[in-house]
Structure formats: C-alpha cells, structure tokens
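This report goes through one protein model part by part. Look over the sequence and the structure first, then read on.

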Amino acid sequence: MIDCDMKRVIFATSNEGKMKEIRLLLADLDVEVLSLKEAGISVSIVEDGETFEENALIKVRTVGMEKEAQGAVILADDSGLEVDYLNKAPGVYSARYMGEDTSYTIKNQAIIEQLSKAVGEERSARFVCVIAALLPDGRTLTTRATIEGQIGYREEGSNGFGYDPILYLPEYHTTTAGLSMEEKNRISHRGKALRQMKER
Ligand code: IMP
C-alpha cells in the first residue's frame, strides 16, 4: 500500500470508453480523475516497446514529462489479443495488425481463417492488459491481468469493440462481445488490472 496525499490522477488515454471505466472504478476514492485533454496535455506518444509493460511505461513517462502533469499520479494501459496458435500474435501490435485503418471485421476474419486447421485447445487465446502508474516521486508500478478464451469459429455478439466478437468464453457460452459492458468489466483483463492497481 502506498501512503500518499495524491489527489489528482491523469489517465493517459484519449479513448472515452477507457475513461468511463476508470472513473467508475475509482469513484469511491477521494481523487480527481482527468483525461489528457482535461489535464490540458497534448503530446504524441511513440509506442515502440516490445512488451505491454514497456508500452504502458512509455505512455506514463512521456506524459509525466509535461508540466501540467507535475504532482499527479499518471496511469496508462496497454492491451492486446494473444493467439497461441499464432505464436501470441497480434500481441502488442493488436491495434496496428493488418494496418491501423483496416476494419475489425477484416482483421477478425483473417484470424479465424488462419486457425482453420486448429481445434479445441489449439484455439486458446486471451486479452492481456497492463496498467502502469508513475508516482510524483518518480517511482513506477505495473499490474497485469488476462481474460482467457478461445478463438471462435465465427464472429458473435455486438457489444464491445475490436477483437471482442472472436474471443469465445466457453463458460459464458458467448464471446466478450456477447456480454454487457458491466459483465465484461467484472471479468475483463482491463477491469482486473485496474482493480489490482487501485489496491496498490
Ligand atoms: P491499446 O491498448 O489502446 O494500445 O490497443 C490495444 C488493442 O488491442 C485495441 O485496439 C484492440 O484491437 C485490442 N484490444 C484490447 N483490449 C480489447 C478488448 O477488450 N476487446 C477487444 N479488443 C481489445
């Protein structure tokens, strides 16, 4: 547990969906949670790390150098889909896989096709999320969590985003796109990693 008087938290993202999640999660703490925009920070972040941890730390350190960030706790996440049959691809390249502007319908279909010969356990896959924190004294922390599933034989579900329609969760008989946002947050990689960071 970190003993501190930290009232301002900046979450290094421009994604409103992620901001909603983190605000909900930190609602019971006496802290002000700001997006980059709300903190008045506009900075370009070069995510050239080889692991989720490296990229999440790059995000918090880049933002932490801005004068508007001084004295605040900076949080960031980095996440992606790992498919075991594809040697854990797309992994840290999940957003850029097949090109940033390629639709997820095409990306998802391409993954399903690459697994056309894979059956049962060979289809195992997971979403990974790493949350990094940069504290005002310069210390950094990271937490990591996953949600395990299997690549489905077809897309299913209309909630969520990105690769959600192809990560099938056998125990829920649907994909992460078939869960409500509340259900997904309760069991997702991001929800779990954020809760771990909140504890720290
Ligand atoms: P970043 O963490 O914002 O750099 O992007 C990670 C990428 O991984 C996203 O653009 C999605 O393609 C994928 N991803 C991460 N989490 C999820 C999720 O919960 N559902 C679907 N796709 C996800």
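## Helix α3

Which residues of α3 are buried? They are Lys 107, Asn 108, Ala 110, Ile 111 and Ile 112. Buried means under 20% relative accessible area, exposed means over 50%, and partly exposed lies in between, with a 1.4 Å probe and protein chains only. The buried residues of α3 pack against β3, β4 and β6. Contact here means heavy atoms within 4.5 Å. Helices (H or I, at least four residues) and strands (E, at least two) are DSSP runs, numbered from the N terminus. An α-helix has 3.6 residues a turn, so residues three or four places apart point the same way.

## Basis of the model

This is a predicted model, in which local features need pLDDT of at least 70 and side-chain atom pairs count only at pLDDT 80 or more, while totals for chains, interfaces and linings use all residues. Residues are numbered from 1 along each chain as its sequence is written, and side-chain values use heavy atoms, with hydrogens and water left out.

## The nonpolar core

A nonpolar core is a set of buried Ala, Val, Leu, Ile, Met, Phe, Trp, Tyr and Cys residues joined through side-chain atoms within 4.5 Å. The largest one has 20 residues, of which Ile 10, Ile 41, Val 60, Val 63 and Ile 74 touch the most other members. Two or more residues of this core come from each of α2 (52–64), β3 (73–83) and β5 (124–134). The helix α2 gives the most, with five residues.

What does Val 63 touch, not counting residues up to four places away in sequence? Its partners are Ala 12, Leu 36, Ile 41, Val 43, Ile 45, Ala 69 and Ile 74.

## The largest pocket

Rolling a probe the size of a water molecule over the atoms shows where empty space is left. On a 1 Å grid over the protein atoms alone, a pocket is an open set of points where a 1.4 Å probe fits, with protein on both sides within 12 Å along at least five of seven lines; lining residues have an atom within 4 Å of a point. Grid points are joined across faces, edges and corners, and a volume is the space filled by probe spheres set on the points.

The largest pocket has a volume of about 830 Å³. It is lined by 32 residues, and those closest to its centre are Lys 18, Glu 47, Lys 59, Ser 79 and Ala 95. Both β3 and α5 (189–199) supply at least two residues of this lining, and β3 has the largest share, with five residues. By class, the lining holds twelve nonpolar, ten polar and ten charged residues. In this sorting, Ala, Val, Leu, Ile, Met, Phe, Trp, Tyr, Cys and Pro count as nonpolar, Asp, Glu, Lys and Arg as charged, and the others, Gly among them, as polar.

## Salt bridges

The structure holds 13 salt bridges. In each, a side-chain nitrogen of Lys or Arg lies within 4 Å of a carboxyl oxygen of Asp or Glu. One of them joins Arg 23 and Glu 38, at 2.5 Å from N to O. Arg 23 lies in helix α1 (residues 16–25) and Glu 38 in the loop between β2 (32–35) and α2, so this pair ties together parts that are 15 residues apart in sequence. Arg 23 is partly exposed at 30% relative accessibility, and Glu 38 is partly exposed at 46%.

Arg 144 forms a salt bridge with Glu 53, and their closest N and O atoms are 2.9 Å apart. Because Arg 144 is in strand β6 (residues 140–151) and Glu 53 in helix α2, the pair ties together parts 91 residues apart in sequence. Another bridge, at 3.0 Å from N to O, joins Glu 148 and Arg 126. Glu 148 is in strand β6 and Arg 126 in strand β5, 22 residues apart. Glu 148 is partly exposed, with a relative accessible area of 43%, whereas Arg 126 is buried at 10%. Salt bridges link Glu 82, Asp 84, Arg 126 and Glu 148 in a network.

## Backbone features

Most residues other than glycine have a negative phi, and most peptide bonds are trans. A cis peptide bond joins Ala 89 and Pro 90, with omega about -5°. Pro 90 lies in strand β4 (residues 89–90).

Where does Met 98 lie? Met 98 is in the loop between β4 and α3 (104–114), and its phi is positive, near 60°. Met 98 is partly exposed, with a relative accessible area of 40%. His 173 also has a positive phi, near 55°. His 173 lies in the loop between β7 (167–169) and β8 (174–175) and is exposed, with a relative accessible area of 60%.
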